[in-house]
Amino acid sequence: MKRVFACAIFLLGVFAALAPADAQTLKAVQERGVLSCGVSQGLPGFSAPDDKGNWVGLDVDVCRAIAAVVLNDPAKVKFVPLSAKDRFTALQSGEIDVLSRNTTWTTSRDSSLGLNFTGVTYYDGQGFLVRKALKVNSALELNSASVCVQTGTTTEQNLADYFKANNMKYEVIAFSSADETLKAYETGRCDAFTADVSQLYAERLKLSVPDDHVVLPEVISKEPLGPVVRQGDDQWFDIVKWTLFAMINAEELAITQKNVEEMAKSDRPELRRVFGVDGNIGEQLGLTKDWVKRIIQAVGNYGESFDRNVGAGSKLGISRGLNKLWNQGGIQYAPPIR
Ligand SMILES: N[C@@H](CCC(=O)N[C@@H](CS)C(=O)NCC(=O)O)C(=O)O
């Protein structure tokens, strides 16, 4: 009898060890029928409502791709606009399932907030925007300048570090929202506006004459931006991470929104695995066999999303730069689907 009891306890232990750590997020999202996704309050190219009120952007596409794999519908996303200051609390409290809001991956954020960064959607760096009329060609000419910055960002600290390292003085003028920061810059309260370079291009579009302003050449920090989840749910962490990796791998494998149906029929072993014809990778993630197909049908591959939202096919027109794939001169690299 004792032995049977010990055996039952042992088996329970084995099952507990095999079950996902704390797989409540996937279940909660599926029961709710909608993914709650934290985004910016309106940053063109990354996350902003279009003229019909639909959220669009590179960060938005990550959420639509997650909704496609877990709910089979990229439209089933509730977008929650968050300021820089409020974004982490919204994730910690469970108000959102994932934060996809131009958020820089740093040690302190990864280790002290109870959160996990899942990957990099955009390799960025911090820069300065100034009026052309100021006739400044380098950030090193900004000694004694007043600089507008948004609070709750990595931007504030980098600004202080850069001016200190270069023995320059400055006056910081800080605001909690992007709109206030930009307004202060536009009305001349500060000589320069500092933010991640991609965000400077995005915000510049909102100025009355964007062409009167220029982004200076210096990039003063590393800002790898990516989606964030809560710690403690390894299955959800994997789903978000591999959704992004699938978009990047699809670009490498030349799978596009247009050819995905054809590619899914290919007999190339690699593609058979990616599309779930062979093996059960999707199911191992807690998803379906056709998970990659769903992602690409919903938003296209990484390069397509980049071009449409921030790259050559968008108003921002940002070049791929570091965000090119690793085999095309950039550093975007995803582990393989196998
Ligand atoms: N990547 C940096 C900066 C993020 C950030 O919030 N940047 C401002 C610069 S304009 C922004 O995007 N604001 C948009 C908003 O608050 O909705 C970070 O993670 O702290």
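C148 stands opposite F193 in β11, a strand spanning residues 192-196. The structure is a predicted model, in which local features need pLDDT of at least 70, side-chain atom pairs count only at pLDDT 80 or more, and totals for chains, interfaces and linings use all residues. Residues are numbered from 1 along each chain as its sequence is written. Strands (E, at least two residues) and helices (H or I, at least four) are DSSP runs, numbered from the N terminus.

Strand β9 (residues 145-150) runs parallel to β11, joined by two bridges. Strand β8 (residues 126-131) pairs with β11 in the antiparallel sense over five bridges; pairing requires that DSSP find at least two bridges between two strands. G127 has A195 of β11 as its bridge partner.

Five of the five residues of β11 are buried. A residue is buried if 20 or more other C-beta atoms, placed from the backbone, lie within 10 Å of its own. Helix α8 (197-204) is likewise mostly covered, with eight of its eight residues buried. Its cover includes β7 (122-124), β8, α7 (178-186), β11 and β12 (213-215), judged by contact (C-beta atoms, placed from the backbone, within 7 Å).

**The ligand shell**

Around the ligand are 21 residues, of which S40, Q41, A84, T153 and A178 come nearest; a residue is near if its C-beta atom, placed from the backbone, lies within 6 Å. Elements supplying at least two shell residues each include α6 (154-165), β11, α8 and β13 (223-225).

Because domain 1 (17-123 + 225-328) and domain 2 (126-221) both give residues to this shell, the ligand lies between them. The domain bounds come from an automatic or database domain assignment.

Conventions. A residue is buried if 20 or more other C-beta atoms lie within 10 Å of its own, exposed if 12 or fewer, and partly exposed in between; C-beta atoms are placed from the backbone. Two residues are in contact if their C-beta atoms, placed from the backbone, lie within 7 Å.
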